[in-house]
Amino acid sequence: MEEKENVAEVQEEISEQKDELEQKIAKLEKEAEETNDRLKRIMAEFENYKKRNLKEKEMQYNSILADVINSLLPVIDNLEKAATSETQDEKYKQGVEMVLKQLLDVLEGFGVKKIEAVGKAFDPELHDAISHVEDETLGEQVVKEEFRTGYIIGDKVIRHSMVIVAN
């Protein structure tokens with residue numbers, strides 16, 4: 001009988017230990033799941049941080065580039081005027097044109113583009129209208145003439161084109 005009681009006690013003790021182990025396993029599984037979930041969130045936050053940081057660096061680069069290019073635009077304007085001026089010295093004129101082309105090529109290498117204006121529809125995002133004229137040969141709100149060339153990097157306008165708008 002004593003053996004039966006001992007066996008019953010051992011079985012009860014084993015059953016209690018089994019229940020205790022199952023509870024510990026469930027607790028550990030829950031903790032592992034919570035830790036895994038936290039890790040996934042941290043990884044997602046880090047990816048968002050990297051994307052945001054990259055975007056901020058790109059915006060900062062474009063802003064600095066726009067500032068530098070903005071300071072060069074009067075030089076380009078003057079070179080364009082010099083290239084279109086009448087002169088007796090053709091070699092001098094060719095030299096000015098070559099320097100202008102080289103400078104424009106450098107700007108193009110940085111993603112800077114001229115804003116197309118003449119013959120295009122007036123866009124207040126790209127153009128500054130300085131005058132309106134009547135012209136039967138052009139449609140309504142069409143740029144007739146450009147006084148100053150505008151430039152753009154990507155979607156950012158560095159300088160608006162100064163234009164005369166028809167009709």
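Tutor: A nonpolar core is a set of buried Ala, Val, Leu, Ile, Met, Phe, Trp, Tyr and Cys residues joined through side-chain atoms within 4.5 Å. The model discussed here is predicted.

Student: Which residues of the largest nonpolar core touch the most other members?

Tutor: In soluble globular proteins, nonpolar side chains tend to be buried together. The largest nonpolar core here holds 15 residues. Those touching the most other members are I69, L73, I76, V112, Y151, I153 and I158.

Student: Which element gives the most residues to this core?

Tutor: Helix 1, helix 2 and strand 4 are the elements that give two or more residues to the core. With seven residues, the element that gives the most is helix 1.

Student: Which residues does L73 touch, leaving out those up to four places away in sequence?

Tutor: L73 belongs to the buried residues of helix 1, and is among the core residues that touch the most other members. Once residues up to four places away in sequence are left out, L73 touches Y151, I158 and R159.

Student: What elements make up the protein chain, and in which pattern do they follow one another?

Tutor: The protein chain has two helices and six strands. Read along the sequence, the pattern is α-α-β-β-β-β-β-β.

Student: How does the radius of gyration of the protein chain compare with that of a compact globule, and what is its value?

Tutor: A compact globule of 167 residues would have a radius of gyration near 15 Å. The C-alpha atoms of this chain fill a box of roughly 130 × 40 × 20 Å along the principal axes. The radius of gyration of the protein chain is above the globule value, at 37 Å.

Student: How far apart are the end C-alpha atoms of helix 1?

Tutor: Helix 1 covers residues 2-84, which is 83 residues. At 1.5 Å a residue, helix 1 should therefore span 123 Å. The distance between its end C-alpha atoms agrees with this, at 119 Å.

Student: Where in helix 1 does the kink lie?

Tutor: The kink in helix 1 is of about 35°. Its place is shortly before the proline P74, at L72.

Student: Against which elements do the buried residues of helix 1 pack?

Tutor: The buried residues of helix 1 include L65, A66, I69 and A83. They pack against helix 2 (90-109), strand 1 (112-114), strand 3 (142-148), strand 4 (151-153) and strand 5 (156-159).

Student: Is D77 buried or exposed?

Tutor: D77 lies in helix 1, and beyond its neighbours within four places in sequence it is in contact with R148 and R159. The relative accessible area of D77 is 15%. Buried means under 20%. D77 is therefore buried.

Student: Which residues are in contact with S131, leaving aside its neighbours within four places in sequence?

Tutor: S131 is in strand 2 (residues 127-133), and at 28% relative accessibility it counts as partly exposed. Its C-alpha atom is separated by 7.2 Å from that of V163, 32 residues apart along the chain. Leaving aside the neighbours within four places, the residues in contact with S131 are V163, I164 and V165.

Student: What is the phi of Q141?

Tutor: Most residues other than glycine have a negative phi. Q141, in the loop between strand 2 and strand 3, is not a glycine, yet its phi is positive. The value is about 60°.

Note on methods:
Residues numbered from 1 in each chain as written. Predicted model: local features only at pLDDT ≥ 70, side-chain atom pairs only at ≥ 80, totals over all residues. Heavy atoms only, no water. Helix = DSSP H or I, 4+ residues; strand = E, 2+ residues; numbered from the N terminus. Expected span 1.5 Å × (residues − 1). Bend = angle between axes of the 7 residues up to and from the residue. Buried < 20%, exposed > 50% of the residue type's maximum accessible area, 1.4 Å probe, protein only. Contact = heavy atoms within 4.5 Å. Rg over C-alpha atoms; globule rule 2.2 N^0.38 Å.
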